[in-house]
Amino acid sequence: TSPTNMGLSLLANMTAYDFGYIPMGQVLTRTGNAIRTMEVMERYLGHFYNWYDTQSLEPLPPKYISSVDSGNLGAHLLTLRSGLLALPDHKIVNPRLFEGLRDILEVFREAHGGDASDALTGLQHDLADITLSRPDTLPAVRLCIERLTTYAEDLVLSMAESPESEAKWWASAMARQCRSALEELAFLAPWTALRDVPDRLIDFKVMGIIPTLSELARLESELPPAIRDPHTVFETQGETLRFDEFRDLIHEASRRARERVAAIEGLARQLNELADMEYGFLYDKARHLLAIGYNIGEDQRDASFYDLLASEARLACFVAIAQGQLPQESWFALGRLLTNVGGDPVLLSWDGSMFEYLMPLLVMPTYENTLLDRTYKAAVERQIEYGMHHGVPWGISESGYNMVDVQLNYQYRA
């Protein structure tokens, strides 16, 4: 794997959450696991080497630092950090949860292609109703997820005669996604499992809203005095016991929310530390440019430099400037070679690949009608024209291709 691959893998988890495919808890677990692994990998002045063996975690020879890969990773780590720090203000039920389930169901339908079973029909009808009339309380959300989970598990059972089919895999994915959502809700809102809620709790704030993680962390301090006081005695012993159970579950949920907020803050600190890399040994002060890279074994910086704005190198330059590692002059030192496409000036890259033009846009802002913005659009339009003219797919970039070495690693070519 490479630094760019690691950064994109981390961002993919946050993206999956944004689309409603995984719950917040899975984002934190996956991010924490990845960070723990990254922290034990050998680095040089904060930089990860260009390639690592994924089994041993050892850097592959020759040990080499790539300016672009380091910039990509740094940008992805800082982007993920910002995403994590926003999570405490997110509702504990992902607003796109049901859209995410609907996406999985659509993929299943494409893979299945046969007659609809009762379970599939039930899922389709329920998801259509839910996305039109979204549940706005935690108990209502739980009832919806429980019903969908039952349908999804029935759908898996209906595929028993096709255990290795793609459709069976997607049916199982649907069931897993439903169960994950239910487990997340049970973890953060365990009181929703109570079936016999006392009437006087119906008007309690948390029963009528879906709180954010921060609101949940403060919830126990906002309990009405009669509920917060463990010595309060109600009309019947049964009602007292139910209030005691409710109170205990609120306390537990608030504790878990506070722990999750603390975990988020801890991960953000770790990401910030991993993104802290020394760029001085890669930087040519006379040219105000980053070298292509640095060979650790030979203790030598490359003689070639990243010198075009319309390339993936602008992300490394942007991040290093933002971190105070490089002066702003390095941005203006990047070359701006122009050509004309359809009457519009367009910046040239080295190879004209989508990777060069669009890779930084995954995390960088763009501004309409600027030279860079027009360049992105023109590059895509030109690739589409090229693909149609030659009868090949458009979106050409450097990539791995269908040839492997003795260790079954796919080969890579620009």
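Analyst: Happy to; I start with the salt bridges and then move on to the cores, the sheets and the surface.

A word on the basis: this is a predicted model, in which local features need pLDDT of at least 70 and side-chain atom pairs count only at pLDDT 80 or more, while totals for chains, interfaces and linings use all residues. Residues are numbered from 1 along each chain as its sequence is written, and side-chain values use heavy atoms, with hydrogens and water left out.

A search of the whole structure gives 15 salt bridges, a salt bridge being a side-chain nitrogen of Lys or Arg within 4 Å of a carboxyl oxygen of Asp or Glu. One of them joins the side chains of Arg147 and Asp126, with 2.4 Å from N to O. Arg147 belongs to helix α6 (residues 138-158) and Asp126 to helix α5 (residues 118-132), so this pair ties together parts that are 21 residues apart in sequence. Helices here are DSSP runs of H or I with at least four residues, strands are runs of E with at least two, and both are numbered from the N terminus. For accessibility, buried means under 20% relative accessible area, exposed over 50%, and partly exposed in between, with a 1.4 Å probe and protein chains only. Arg147 counts as partly exposed because its relative accessibility is 36%, whereas Asp126, at 12%, counts as buried.

Another salt bridge links Arg287 and Asp284, whose side chains meet at 3.2 Å, N to O. Here Arg287 is partly exposed, with a relative accessible area of 47%, and Asp284 is buried, with 9%.

Helix α10 holds a further pair. Glu252 forms a salt bridge with Arg256, and their closest N and O atoms are 3.1 Å apart. Because Glu252 and Arg256 are 4 residues apart in helix α10, about one helical turn separates them. Glu252 counts as partly exposed, at 25% relative accessibility.

The largest nonpolar core has 84 residues, and Met38, Leu84, Ile92, Phe98, Met174 and Trp191 touch the most other members. Helix α10 (residues 237-274) gives the most to this core, with 10 residues. Apart from it lies another core, of 18 residues, including Ala75, Ala291, Ala310 and Met354. A nonpolar core in this sense is a set of buried Ala, Val, Leu, Ile, Met, Phe, Trp, Tyr and Cys residues joined through side-chain atoms within 4.5 Å.

Gln177 is a polar side chain worth a visit. Gln177 lies in helix α7 (residues 166-188) and counts as buried, at 10% relative accessibility. Leaving aside neighbours within four places in sequence, Gln177 is in contact (heavy atoms within 4.5 Å) with Gly20, Tyr21, Gly100, Leu101 and Ile104.

The strands come next. An open, antiparallel sheet has 3 strands in the order β3-β6-β7, and its edge strands, β3 (64-66) and β7 (300-301), each pair on one side only. Two strands pair if DSSP finds at least two bridges between them. β3 and β6 (residues 293-295) run antiparallel and are joined by 3 bridges, with Ile65 opposite Tyr294. Elsewhere, β8 (residues 338-341) and β9 (residues 344-347) pair in the antiparallel sense over 4 bridges, and Leu338 stands opposite Leu347. β8 and β9 form a hairpin with 2 residues between them, where Gly342 in the turn has a positive phi of about 60°.

On the surface, Tyr386, Val392 and Ile396 form a nonpolar patch with about 240 Å² of accessible area together. Such patches are made of residues with over 30% relative accessible area and no salt bridge; like charges are joined within 9 Å, and nonpolar side chains (Val, Leu, Ile, Met, Phe, Trp, Tyr) within 5 Å. Ile396 sits in the loop between α14 (371-390) and β10 (399-404) and counts as partly exposed, at 40% relative accessibility.

The accessible surface comes to about 21400 Å², of which 52% belongs to carbon and sulfur atoms; accessible areas come from the Shrake-Rupley method with a 1.4 Å probe, and for residues only the protein chains shown count as cover.
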